[in-house]
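The sequence and the structure come first.

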Amino acid sequence: MNFRIDNPVILFGLLALAVPLVLHFLKRRRFEVIDWGAMQFLPESISIQRRRWLDEILLLLMRLGMIALIVLALATPISTSGLLGGLQDRSTRDVVLVLDGSFSMDARIGARASPWSEAVRAAKNIVGQAAPGDRFAIVIARQPPLRGHQEFSSDRDEVQAKLDQLPTARGNPDLPAALAEAWTFLQSRSRAARKEIIVFTDKQLFGFADPPTLATLEMLGQQWRADAATARQAGDAVPSVRLIGVGGALPKRVPNFSMAPVVASRNVVKVGQEITLRSAVRVDGFDKYARPGKVTLALDGKAVHEFVLPDKADLKTGQIPLNHALRFAREGRHVVSFILQSEAPDVLAADNEQHAVVEVVKDLRVLLVDGDRKLGPDSSTFFLQRALSAPAVGVEKFQKNLTAPGATSVLVLADVPRLEPAQNEAIERFLAEGGAVLIALGERMRQTRAFYNHQLHRDGKGWLPAQLLEVDTAADGTLPDVRSFQHPALELFRTGPEAGMKSVRFEKWWQVQIARQSHSVPIARFANGDPFLIEMPYKKGRVMLCTVPLDRRWGSTFPGGAEFPVLVNELIHYLAGAGETRAMLRRGEPIRLQLADAATRQLKIKTPEDNLTLEVKAWPWTHANTGAVGVYWVRASDGAAWPFVVAPDLRESDLTPCTEFDLRKVRDRLPIAWLDEESALASIIGDDERSEELWWLLLTAVLGLLCMEVWMTRRMALARGG
Amino acid sequence: MSAAASAFDPTTLAKYGRLSLIARNVVEGFLSGVHKSPYKGFSVEFAEHRQYYPGDEIRHIDWRVYGKTDRYYIKEHEEETNLHAHLLVDASGSMAYRGANPRGGISKFQYAQYLAASLAYLMLHQRDSVGLAVHDHQMRALLPPRSTSKQLMQILHTLEKTVPGGETNLAPIWDRLAGQIRARGMLLIFSDCFDQVSHLIHALRHLRHRRHEILLFHILAPEEIEFPFTQRTQFRHLEFLSQLRLVDPVAVRAAYLKNFDEFRQTLRVQASNLQIDYHLVRTDTPIDRALGAYLMKRQARRF
């Protein structure tokens, strides 16, 4: 409805329209009869009379119009349409609908509709009830946020159709990012008098009021307050945020099965090499254990193994671990999937699959760089060469191999005393392009410690993960603490028999210091607590620092033991995979692909939601819409395929609802209002501020008509007088 | 309006009723204001005595009779009048128009009656011979000019009994009259001239060709000149009663006035070209003005 009348009784005043009508027709019916002699001078033409008649009709219409407009104005008409917004320079209201696209919104609790379908229904309802001039845009809150519209749309049917076509909720939560997106969109694209963000969300704690999200909301709130102050100064509207809870109250405990993330013992393996894949079925919210159904292990979508789940399980541990060893026959990237087909009641479906990407290679492209000028049995790389079956080069020769594209994926610097500036630059570039470096410290660094600290560490800004302090010694040596081996690359040692590692002794080792702001993490320590292995991401690459030499110097027993080749292989495989293989996408990371064959112009992409064919405009090619959890297959026209995986964040499986206290914490950080659907709808429809009173418009029209009437009457009077 | 003027106001005159009284009232009142007797051209052949009226010349008093009777008598002689006047009165339907107030006003025909009667009275008193032709599209009455005292009564009677009506078709009648009136004389035409101007001029030219002097009294109602109507009006033709026209006067006023003024101006100019004395006479103007116009003409003829 575009208009409404506040005082409809006054419309009876329209009966007054009859007065000028009756007068007009009475006047027309009444005429004098005159006996007349001078008939010959009366003009024959009736066009003059017709014009006069037309004038009279026009005059009558004007008078009728004036009466009708005055009556209408008195009846207080109100426009609820935005059509009159056209009278102003800007539209009356722009709304961004933010739909929580996290996969918890797809929860099926009993016979209830899912919160997602409730959110879509509520959003459609609000769009349908809003005034036609209101403009809408849609943002789906997930990682990364998905924008439904490039521009605001005032076509309600189109917006509703768009809402219907939205993919169902199967993303990881990121409400702050979606709010920021909506805010930016409103501030950059809208000049409306009123700006609103309406968020439809279930009332799940995680992703809304959990500590990390609150921290993000805190920063967002600060940004908004600054933006709002600027907007007020500029006379622009400040967006308001309303949250609408959908899907009813969440029960405290909901029965849900989910798959734990897949852990591969290594992400890069050689053809035929065996790896162990681990996952688990997590059992939450069940009072009594029920067998979840079956779990299938699939390789590239084809089932290769089926796990038999136990009939009984201990609910206290909450999970049923699953392991499987697998060998790969073909090179390339492969997806291994643990898929739970649930037979028992299961609230969330999106967390029933977990995937991992394993890169299978013919050879590991390892470049061993030795600190010795002459390679021999005493060289720093002697044991590494044997363990990895890879050749080594002297320090002055490695630069050429490093810069050749695709030749090297892991660079090992074994007790290299110093690097030339050009070499350092080459390593920086190598890391920037996703390469990985393993540095084994040693005796030679004693002389060049300053070089390492000043040139390579640079107070945590360089690519060396830690600052070198002193070489520490212990008379009876120290051994690695296997309990500190929590890194996936060291899993074999954590879970295997400890005897091997127990026999390892290091008499000397480098004491290092990790800068406070650094991203370096010790992934293995000695028994005395000093770091053994330190890992640090650097640009797109990864650097690992080993605080002991990987040779027999310093009386180390390690290289001679059986564990040495295993550890070195694991580390190298990890580095080869972790640095380059960005197939496991995290926190809304886009798919990024760089092909050696730059001639490819078209790529097909199969996402968990749809199949697309996309043009490649530039290399490296990126695809930002990675909001749905699952596997993304990118295929070139020659059949080559690259899988990418967005894993479900299992914290999202925890459907714990927000409490009032949680909400207050959110409100302290962001200016938001929490409403139910009805009150949100009422605030939109019954908002007097947004409806336009039309009396002034009608009275302006009356004034216009009055001027015309006076002019016309005067013209006719002049004609009469003349 | 002055007292003198009001005495000649046509509406006031109408109250006197009979035409003889009106004519006498008008003429005598008018002449008393003029203070100059129009009587001239007495012949030597005695005819009769008559009582002296103020305005008669003293030299025409018969002092001999005065000696006998101690009263003033004028010695009248059988006069050979030098003027044959014809009063042509249009009695067509259009002359019956009484103006916007049909009850209060007098019609154009009545005005013509008064004027013709007054002029007849005046002329007969001046011993001019006066004839009368009353017509619409055909001749209704025709009195040949005579200067006898009976003639006045006949004229007045004829005028009185005439009721306007019938179609205006002046030109053929005037044409015919031009053929009938042999003696050269004065023609006084009383008409609204609602006919084709070209036809009228043609007829007038014919009359002028016969050497008649013509006074055209164009008698019009003020409403016909000004067209003051404002309300929607149905105009009914006075001559063809079935002819009705419902018009918005405001809309047609300009066009009417243009047509009418054009007609009047054409008639005036054409008449002037034919040396015809054209006098526009509104029925709301005193009759003596028309008499004055006649006398001017008469005197011009004498001198």
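Predicted model: local features only at pLDDT ≥ 70, side-chain atom pairs only at ≥ 80, totals over all residues.

**Entry 1: two helices of chain A**

I began with helix α6 (residues 211–234) of chain A and helix α14 (residues 660–669) of chain A, whose axes come within 8 Å and cross at roughly 30 degrees. I noted that this makes α6(A) roughly parallel to α14(A), since angles under 35 degrees count as roughly parallel, over 145 as roughly antiparallel, 65 to 115 as roughly perpendicular and the rest as oblique. The axes are lines fitted to C-alpha atoms, for helices over the stretch in contact, and the angles run from 0 to 180 degrees between N-to-C directions. Helices (H or I, at least four residues) and strands (E, at least two) are DSSP runs, numbered from the N terminus.

Residues are numbered from 1 along each chain as its sequence is written, and chains are lettered from A and ligands numbered from 1 in the order in which they are written.

Which residues of α6(A) meet α14(A)? I found A:Leu214, A:Leu217, A:Glu218 and A:Gly221 on the α6(A) side, and A:Lys665, A:Val666 and A:Arg669 on the α14(A) side; two residues are in contact if their C-beta atoms, placed from the backbone, lie within 7 Å. By class, this contact divides into 3 nonpolar, 1 polar and 3 charged residues, where Ala, Val, Leu, Ile, Met, Phe, Trp, Tyr, Cys and Pro count as nonpolar, Asp, Glu, Lys and Arg as charged, and the others, Gly among them, as polar.

**Entry 2: an open sheet in chain A**

I then traced an open sheet of 5 strands in chain A, which come in the order β28-β34-β33-β30-β31 with mixed pairing. At its edges stand β28 (584–585) and β31 (611–615) of chain A, each with a single partner strand, so one side of each is left without a neighbour in the sheet. Strands of a sheet pair through backbone hydrogen bonds, either parallel or antiparallel, and two strands are taken to pair if DSSP finds at least two bridges between them. Strand β30 (residues 602–606) of chain A runs antiparallel to β31(A) and is joined to it by 5 bridges; in β31(A), A:Thr613 is the bridge partner of A:Lys604.

**Entry 3: where the chains touch**

I looked up the contact between the chains and found 29 residues of chain B in contact with 19 residues of chain A. On the chain B side, the elements that give two or more residues are β8 (233–237), β9 (244–247) and α10 of chain B, and the largest share, 9 residues, comes from α10(B). This side of chain B has 14 nonpolar, 9 polar and 6 charged residues. Strand β2 (residues 32–36) of chain A pairs with β8(B) in the parallel sense over 5 bridges, and I noted B:Arg236 in β8(B) as the bridge partner of A:Asp35.

**Entry 4: helix α10 of chain B again**

I returned to α10 (residues 249–273) of chain B and saw that its axis and that of helix α8 (residues 197–209) of chain B come within 10 Å and cross at roughly 20 degrees; the two helices are therefore roughly parallel to each other. Among the residues that meet are B:Leu200 and B:Leu204 in α8(B), and B:Phe263 and B:Leu267 in α10(B). This contact has 7 nonpolar, 2 polar and no charged residues.

**Entry 5: a strand inside chain B**
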